[in-house]
Amino acid sequence: MNSRRDFLQKVSLGIGVTALAGLPATAAAPSVPLVRAEKQLRVAIMGLGGYANIVADAMQKCTMATLVGVVSGTPSKIDTWKKKYNIPDKNTYNYETVSELKNNPDIDIVYVTTPNSLHHKHVLQIAATGKHVICEKPVADNAKQTREMIAACEKAGVKFYIGYRLHFEPHTRELIRMRESGELGKIMHVNNYMGFKSGDPTQWRLKKALAGGGAMMDVGVYALNGARYCTGEEPIWVTAQETKTDPIKFKEVDETITFQLGFPSGVIANCGTTYNFNNFERLYVIGEKGFVELSPAFGYGPIKGRTNAGPMNMPPHVPHQTLQMDGLADIILNNKPDPHITGQEGLKDMIVVDAVYESIRKGGQKIFINKA
Ligand code: NAD
């Protein structure tokens, strides 16, 4: 049996993907009753907004990760979360008391889900408490901040992860496996885009001081991160162009950006992102022997995909955050090698984001990436 068929047969039984992603089998097979592992990764969430709620709900189906604490500046949210998730008083903090986490032996890791431009400050605060950190994307405002976050975590001896949930998602895992195994042949071209029409004009995502940037920062990083896992290479040059059709709403942040990444092999990834229209979500990687197209590719799913061999038959959809948090727990608790979700991976993305903005500032000039 060839490896692809073998894989697809295993996933139809609900076991293959979890093995590939290093996950406990129950996480990817909703029909299997939830049995919690003896060892649990004990997680606190910092910043109880929209995404924190999605992560918390998804974690209720985890077998190896448990939500045990919160950090929030809003007492009413702390009360709601305490009741909803059975969180004890002693595991609740606000932004003034967060340093006291260092005295709490019942929390292993803090998941930072605050607005982008607060990530730097909050990750530094958590690292100083001696807790591991997982931080949402985009990791920071720029590569400089990201380097400081990595250094702070290294100095404190804590692990630093980025919330790259797709690295635990079955279609994405399968595409990476196909590329790594050579089934796609030499990669020739990548075409990724991710965007949506943003709503409320008063939201923090449109304020540079809290968002760091616009569509590029928020969802352009999916197209960019995807280009890196489609090729398995790091870009060596970047060109980028920005269009602003609504200069009032997008006064402070970028609206629509197209960008091109040049890789050492000669492959070019043609990518795009927007905050001003919908139906802009696709990953397309073409090799000499085959292709993978995911559409939708980067949202909460279900992700859909096809390859040169036909539709991708993946197991039933499980919330990405369930797979992600169980996967992370497995890595940390069982000392498994870190996959592409570390602070260093966030840094590789931020170096490119910096280059995208630099190219736009310089009228689309080609920016050569200096990794130093
Ligand atoms: P949100 O506005 O819903 O939540 C942000 C939370 O941070 C709120 O609870 C808010 O009260 C709190 N906060 C703390 N200090 C604040 C301040 N000074 N100003 C404003 N809010 C403050 O936003 P969200 O959609 O939950 O996004 C949070 C983070 O999660 C962002 O970095 C975003 O990029 C990321 N995110 C990731 C995904 C994903 O799929 N991985 C999806 C959505 C959001």
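Glu234 is partly exposed, with a relative accessibility of 24%; here buried means under 20% relative accessible area, exposed over 50%, and partly exposed in between (1.4 Å probe, protein chains only). The model is predicted: local features need pLDDT of at least 70, side-chain atom pairs count only at pLDDT 80 or more, and totals for chains, interfaces and linings use all residues. Residues are numbered from 1 along each chain as its sequence is written, and side-chain values use heavy atoms, with hydrogens and water left out.

Glu234 forms a salt bridge with Arg228, and the closest N and O atoms are 2.8 Å apart. A salt bridge is a side-chain nitrogen of Lys or Arg within 4 Å of a carboxyl oxygen of Asp or Glu. Arg228 itself is buried, at 6% relative accessibility.

Arg228 also meets the side chain of Asp349 in a salt bridge, at 2.7 Å from N to O. Arg228 belongs to helix α10 (residues 215-231) and Asp349 to helix α12 (residues 343-361), so this pair ties together parts that are 121 residues apart in sequence. Helices (H or I, at least four residues) and strands (E, at least two) are DSSP runs, numbered from the N terminus. Asp349 is buried, with a relative accessible area of 0%. Through shared partners, salt bridges join Arg228, Glu234, Glu345, Lys348 and Asp349 into one network.

The structure holds 21 salt bridges. Another of them pairs the side chains of Glu183 and Arg177, at 2.9 Å from N to O. In this pair Glu183 is partly exposed at 23% relative accessibility, while Arg177 is buried with a relative accessible area of 12%.

The backbone is the next topic. Most residues other than glycine have a negative phi, and most peptide bonds are trans. The peptide bond from Lys137 to Pro138 is cis, with omega near -10°, and Pro138 sits in the loop between β5 (132-135) and α7 (143-156). The bond from Gly301 to Pro302 is also cis, with omega near 5°; Pro302 is found in the loop between β12 (291-294) and β13 (305-307).

Positive phi values occur at two asparagines, Asn279 and Asn335. For Asn279, phi is near 60°, and the residue is placed in the loop between β10 (268-274) and β11 (280-287). Asn279 is exposed, with a relative accessible area of 79%. For Asn335, phi is near 50°. Asn335 lies in the loop between α11 (320-333) and α12, and at 68% relative accessibility Asn335 is exposed.
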